[in-house]
Amino acid sequence: MPDTDNPDLFRLFNEIAIINQLATTAFERVMPHGLTLAQFSVLNHLSTRDPQAPAKMASAFQVSKGTMTSTVGRLEAKGFVEISPNPKDARGKFVGITDAGRTARGDAIAQLGPTFAWLGGELAAPEVDQIIVQLTEVRKLLDARRDNGA
């Protein structure tokens, strides 16, 4: 039976939450085009995928359909995504990234370089690689649990 009172797991997720808050604040301070982290995340998501239904995106981001519709609407107003009808369902829509959205995503990534460059001097590349491997494993476990309805 799994240990449900594991202080190390609490510490792990507490550290991740603190890192998320600090990184989000630093990230949003340098975002070009008035992007929020949520908007950048949607552009980043769409940059490697075919157009998707907003409901599917909401599920992937674990936000409500209304929240995703609002984020997509703001990106559409900036010309970074386009919404097209679903040819198989007249009520449905697909969201895809535009060339301007790809440019905005690239601009955002370029802005992040100097923001976090100092961290490269504090953590050696092998340490970063090890952290990425471990965090990827945690993410995969959480994704699988979500996908199984837990």
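Just after α6, Gly 149 takes a positive phi of about 80°. Helices and strands here are DSSP runs, numbered from the N terminus: helices are H or I with at least four residues, strands are E with at least two. This is a predicted model, where local features need pLDDT of at least 70, side-chain atom pairs count only at pLDDT 80 or more, and totals for chains, interfaces and linings use all residues. Residues are numbered from 1 along each chain as its sequence is written, and side-chain values use heavy atoms, with hydrogens and water left out.

Stay with α6. How far apart are its end C-alpha atoms? They are 32 Å apart. The helix covers residues 125–147, which is 23 residues, and at 1.5 Å a residue it should span 33 Å, so the two values agree. The expected span is 1.5 Å times one less than the number of residues.

Ala 144 sits in helix α6. The cut-offs are under 20% relative accessible area for buried, over 50% for exposed, and partly exposed in between, with a 1.4 Å probe and protein chains only. Pro 54 is 90 residues from Ala 144 in sequence, and 21 Å away in space, C-alpha to C-alpha.

Now the whole chain. It holds six helices and two strands. From the N terminus the order is α-α-α-α-β-β-α-α. Along the principal axes, the C-alpha atoms fill a box of roughly 50 × 45 × 20 Å. Of the 150 residues, 22% count as buried. Take the contacts with a separation of 6 or more: residues 24 or more positions apart account for 54% of them. Contact means heavy atoms within 4.5 Å.

Next, the largest pocket. Its volume is about 2,000 Å³. The helices α1 (7–30), α2 (37–46), α3 (54–61), α4 (65–77), α5 (99–122) and α6 each give two or more residues to its lining. A pocket is defined on a 1 Å grid over the protein atoms alone, as an open set of points where a 1.4 Å probe fits, with protein on both sides within 12 Å along at least five of seven lines; lining residues have an atom within 4 Å of a point. Grid points are joined across faces, edges and corners, and the volume is the space filled by probe spheres set on the points.

There are 43 lining residues, and Ile 16, Ile 19, Asn 20, Leu 135 and Arg 139 lie nearest the centre. Which element gives the largest share? That is α6, with twelve residues. By type, the lining has 26 nonpolar, twelve polar and five charged residues. Nonpolar means Ala, Val, Leu, Ile, Met, Phe, Trp, Tyr, Cys and Pro; charged means Asp, Glu, Lys and Arg; the others, Gly among them, are polar.

On to α2. Gln 39, Phe 40, Val 42, Leu 43, His 45 and Leu 46 are buried there. Their cover includes α1, α3, α4, β1 (81–86), β2 (89–97) and α5.

Last, two threonines. Thr 115 is in α5. A polar atom of its side chain lies 3.2 Å from the backbone oxygen of Gln 111. Beyond its neighbours within four places in sequence, Thr 115 is in contact with Ala 26 and Val 30.

Thr 67 is in α4. Thr 67 is partly exposed, because its relative accessible area is 39%. Its side chain makes a polar contact with the side chain of Ser 64, at 2.9 Å. A polar contact is a pair of N or O atoms within 3.5 Å; within protein, one must be able to donate a hydrogen and the other to accept it, and residues adjacent in sequence count only if both atoms are side-chain atoms.
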